[in-house]
Amino acid sequence: MDLESKFYVARSSDGLALNTIRQQGVTITIKGPRQMGKSSLLIRIMNTARTGERQKKVVFLDFQFFDRAALADDDLFYRRFCQWLSLKLRIPDQTAEWWEMYGSMGNPLTCTFYVQDYLLPEVDGPVVLAMDEVESTFGSPFRTDFFAMLRGWHNSRATDPIWKQLDLALVAS
């Protein structure tokens, strides 16, 4: 729903989410039934991140755009995920090179190195990775590995300062 829509009904938890995104190095998970305003709240979170004092760069990925082939094949999914991130950040795509160098280490680790050692240093500032419809991956064979990777990114903030540069916002039904 558009930011200016008079039909959006703000909930008490909206303020918590909007205040949280003003901080650095946060993870926000929005869960609920379909058609309850989760995506509309995500749009408000993204707007707050962009226009707040930190003026974060926002990357929005709607997982509905992953086709069945990508959701069935972990290698294809992780490569497309990284390619999409590169495209959205307007950074040259180097997924082929990274998978050539690190692919034998597994897709979650190669994806992690790609984000940690290539994308985040190139951006050189705070980034919000806003992911909508992540439940699209729930039926995939790699769902456990994907969400473990995101948890790993969240936990890495405690030991590696580059990860404090990345905020995560996930929406799932």
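The following legends describe close-up views of a predicted model.

**View A. Packing of helices α5 and α6 in the predicted model.** Helix α5 spans residues 95-102 and helix α6 spans residues 107-123. The crossing of the two helices is right-handed.

**View B. Residues in the contact of α5 with α6.** From α5, the contact involves Thr 95, Trp 98, Trp 99 and Tyr 102. Helix α6 contributes Asn 107, Thr 110, Cys 111, Phe 113, Tyr 114, Asp 117 and Tyr 118. By class, seven of the contact residues are nonpolar, three are polar and one is charged.

**View C. The largest nonpolar core.** This core comprises 39 residues, of which Phe 63, Phe 81, Leu 129, Met 131, Phe 146 and Trp 153 touch the most other members. Elements giving two or more residues to the core are the strands β2 (57-62), β3 (127-132) and β4 (166-172), together with the helices α3 (68-72), α4 (74-89), α5, α6 and α7 (143-156). Helix α6 supplies the largest share, eight residues.

**View D. Surroundings of Leu 129.** Apart from neighbours within four places in sequence, Leu 129 is in contact with Val 59, Leu 61, Phe 81, Leu 85 and Trp 153, and also with Leu 166, Asp 167, Leu 168 and Ala 169.

Definitions and conventions:
Residues are numbered from 1 along each chain as its sequence is written. This is a predicted model: local features need pLDDT of at least 70, side-chain atom pairs count only at pLDDT 80 or more; totals for chains, interfaces and linings use all residues. Side-chain values use heavy atoms; hydrogens and water are left out. Axes are lines fitted to C-alpha atoms, for helices over the stretch in contact, and angles run from 0 to 180 degrees between N-to-C directions. Helices (H or I, at least four residues) and strands (E, at least two) are DSSP runs, numbered from the N terminus. A crossing is left-handed if the near helix is turned anticlockwise from the far one by less than a right angle, and right-handed if clockwise. Contact means heavy atoms within 4.5 Å. Ala, Val, Leu, Ile, Met, Phe, Trp, Tyr, Cys and Pro count as nonpolar, Asp, Glu, Lys and Arg as charged, and the others, Gly among them, as polar. A nonpolar core is a set of buried Ala, Val, Leu, Ile, Met, Phe, Trp, Tyr and Cys residues joined through side-chain atoms within 4.5 Å. Buried means under 20% relative accessible area, exposed over 50%, partly exposed in between (1.4 Å probe, protein chains only).
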